[in-house]
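Student: Here is a model to work through. Please take me from the terms to the packing.

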Amino acid sequence: MDNFTPVSALLGGLMIGASAALFLVLNGRIAGISGILGGLLHPTRSEVGWRLAFLAGLFVAPLVYVAFGGVLPPVELDASLPLLIMAGLIVGFGTRLGAGCTSGHGVCGIGRGSPRSLVATGVFMATAVATVFVTRHLLGM
Amino acid sequence: MPLILSAFASGLLFGLGLIVSQMVNPAKVLGFLDIFGNWDPSLALVMGGAVVVSALGYWVAKRRGVPVLAPRLEIPTRRDLDPRLIGGAALFGIGWGLVGLCPGPALVGLTFGPSQVFAFVAAMIVGMAVFRLVPADWPQVTFRREATRVDG
């Protein structure tokens, strides 16, 4: 557990939670990233603006972080291109079919005590842990 | 316009949280999912902290009844478990576990991560588009009783 970073994890988590709280109290919406992005694929006129604005906020976050003197963490990806594409396809399809991802089900859904989100989070955590076990420890990827 | 600005601010804060917590780093996420290896519990604290504050926000939103800037709360009301929810979540977990990227960190990583993040995000959007082709009643549950049709 030498890689455990409790302080930054908790601080970042509180910020993510504050974002979800702000978005719900101000805009009345769930801050679910896959839903916000996926909704742009069948856009309604009144929703395009805030969806793009939320995504724009995500995109500029690294720039703002650096502007305030932060040092960006590394983005370490050692998966091959075919694996990345396969994972992307599965994540895109799965999050839409299951109506949420780590943010919508994990952060917002559990926060409001939704039984669907609790179950979904349990399921995707379990299959993710199983996948890592198979790829890392059985296949040695 | 205020609705757009608050959405931007929320997205920005969300992104900063993912950066501060290092969840933008797939290696960090995989370290959490690898409970049989050199386990890194950080993600649990990220989730825990986020859930507590988001629950507080839900409580405030419910008490107010109406959002500050929008006409009404758009909160999912379904409570039933169905094959789509379970199957979709199971698939998402597999994709997440394969490379350690989920939608939020992938989008934040677009602007400063390696170019592979682009490939993941492009494929993710294609996956979302493919989902649009799926009929609304798929997958069918065979033991479900046929609902009586009400016309007119």
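Tutor: Two residues are in contact if their C-beta atoms, placed from the backbone, lie within 7 Å. Helices (H or I, at least four residues) and strands (E, at least two) are DSSP runs, numbered from the N terminus. This is a predicted model, in which local features need pLDDT of at least 70 and side-chain atom pairs count only at pLDDT 80 or more, while totals for chains, interfaces and linings use all residues. Residues are numbered from 1 along each chain as its sequence is written, and chains are lettered from A and ligands numbered from 1 in the order in which they are written.

Student: Which residues of α3(B) does α2(B) meet?

Tutor: Take the α2(B) side of the contact, B:Lys28, B:Val29 and B:Phe32. By class, this contact of α2(B) with α3(B) has four nonpolar, one polar and one charged residues. Nonpolar means Ala, Val, Leu, Ile, Met, Phe, Trp, Tyr, Cys and Pro; charged means Asp, Glu, Lys and Arg; the others, Gly among them, are polar. The α3(B) partners are B:Ser42, B:Leu43 and B:Ala44.

Student: Are α2(B) and α3(B) roughly parallel or roughly perpendicular?

Tutor: Axes are lines fitted to C-alpha atoms, for helices over the stretch in contact, and angles run from 0 to 180 degrees between N-to-C directions. The two helix axes lie 8 Å apart, at about 95°. Under 35 degrees counts as roughly parallel, over 145 as roughly antiparallel, 65 to 115 as roughly perpendicular and the rest as oblique. α2(B) and α3(B) are therefore roughly perpendicular.

Student: Which helix of chain B gives the largest share of the side that touches chain A?

Tutor: In this interface, 109 residues of chain B are in contact with 102 residues of chain A. The chain B side divides into 73 nonpolar, 27 polar and nine charged residues. Its largest share, 18 residues, comes from α3(B).

Student: What percentage of chain A counts as buried?

Tutor: Chain A has six helices and zero strands. A residue is buried if 20 or more other C-beta atoms lie within 10 Å of its own, exposed if 12 or fewer, and partly exposed in between. Of the 141 residues of chain A, the buried share is 58%.

Student: Which residues touch the most other members of the largest nonpolar core?

Tutor: A nonpolar core is a set of buried Ala, Val, Leu, Ile, Met, Phe, Trp, Tyr and Cys residues joined through C-beta atoms within 7 Å. The largest one holds 89 residues, and the two that touch the most other members are A:Ala20 and B:Phe120.
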